[in-house]
Amino acid sequence: MRATAIAFTSLIIFSGANAQNDDCPGALPITCGTSITDSTTTATDDAVIDCGTTITAPGLWYDLIGTGGWVSLSTCGGGTNFDTKLNVYSGSCGALTCLAGNDDGPLCDLASDVVFFADAGVTYHVLVQGYNALTGVFTLSMGCMNCAPPQDVLISPSDIAADIYWTSLNSGSDFNIEYGPAGFTPGSGTSISGTVGVDGPPAHITGLLAESDYDVYITEACSGGGISPAAGPYPFTTLLDPPPANTFCGDAQPI
């Protein structure tokens, strides 16, 4: 159930003052499997509604056409040098409707990422901006998939076990969790699997060492045969001492 990495074709733009995509009507196109490197240094402020996160800096605009599947947008690549935000809208530029937004992605520090379902043929408007008036260079990447990666991953460890929580966007999917010592190579760890809504979340892993560092990867296999990109690695550290007997939900004490 390992996911295959998405390859991206890169384009470097570096928009200057009064760039075409400084406003929504002049948005530049972005498509599946491509990435664009650009700069908001000379961009101007955008008077648009907040979406998932507040609008706090000048930004640049991009348009994508939905393919009837899941879309990922990310500024987590190495080309980003400032604290970015992402906002995704549907509707017309004159009447934008918020769809998704993110400030700090869970796995890329101060960069941003969003995952959403893009209806076939629908145009979506993407604003790349910064935190607290910051501007700079960024790389925006777009990936397309028919099976969304797990979202909102949270790990609750004890000394020798851990509960893995996440949100699934795929109805009726199966999951695979692979874990191992921090920095382990995917494919060499220990795996558990099950069905979303039956065996997790949360999923319980055991046999860990106390006060030790681990990484976790999660993938989902959808009913249509697609496999999601892997979510991870998510790091966690086990506790030194055993927690109370009712630390995990499955061990709740009667009252």
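A residue counts as buried when its relative accessible area is under 20%, as exposed when that area is over 50%, and as partly exposed in between. The model discussed here is predicted. Under that cut-off Cys 51, with a relative accessible area of 1%, is buried.

A disulfide is a covalent bond between the sulfur atoms of two cysteines.

Another of these bonds joins Cys 32 to Cys 144, with an S to S distance of 1.8 Å. Here the torsion about the S-S bond is about -75 degrees, so the disulfide is left-handed. Cys 32 lies in the loop between strand E2 (28-29) and strand E3 (34-39), and Cys 144 lies in strand E10 (residues 137-145); the pair therefore ties together parts that are 112 residues apart in sequence. Both ends are partly exposed: Cys 32 has a relative accessibility of 36%, and Cys 144 has a relative accessible area of 25%.

Cys 147 and Cys 222 form a further disulfide, their sulfur atoms 2.0 Å apart. The link of Cys 147 and Cys 222 is right-handed, with 85 degrees about the S-S bond. It connects distant parts of the chain, 75 residues apart: Cys 147 is in the loop between E10 and strand E11 (151-157), and Cys 222 is in the loop between strand E16 (213-221) and strand E17 (231-237). Cys 147 and Cys 222 are buried.

The next topic is strand pairing. Which strands pair with E4, and in what sense? E2 and E4 run parallel and are joined by two bridges. Within this pairing, Leu 28 has Tyr 62 in E4 as its bridge partner. E4 also pairs with strand E9 (residues 123-130), in the antiparallel sense and over six bridges. Ile 65 stands opposite Thr 123 in E9. Five of the six residues of E4 are buried, so this strand is largely enclosed by the rest of the structure.

The last stop is Asn 87, which is placed in strand E6 (residues 84-92). Is Asn 87 buried or exposed? Its relative accessibility is 0%, so Asn 87 counts as buried. The side chain of Asn 87 makes a polar contact of 2.9 Å with the side chain of Gln 129. Leaving aside residues up to four places away in sequence, Asn 87 touches Cys 51, Thr 53, Ile 55, Ala 100, Gly 101, His 125, Val 126, Leu 127 and Gln 129.

Technical notes: Residues are numbered from 1 along each chain as its sequence is written. This is a predicted model: local features need pLDDT of at least 70, side-chain atom pairs count only at pLDDT 80 or more; totals for chains, interfaces and linings use all residues. Side-chain values use heavy atoms; hydrogens and water are left out. Helices (H or I, at least four residues) and strands (E, at least two) are DSSP runs, numbered from the N terminus. Buried means under 20% relative accessible area, exposed over 50%, partly exposed in between (1.4 Å probe, protein chains only). A polar contact is a pair of N or O atoms within 3.5 Å; within protein, one must be able to donate a hydrogen and the other to accept it, and residues adjacent in sequence count only if both atoms are side-chain atoms. Contact means heavy atoms within 4.5 Å. A disulfide is a pair of cysteine sulfur atoms within 2.5 Å. Two strands pair if DSSP finds at least two bridges between them.
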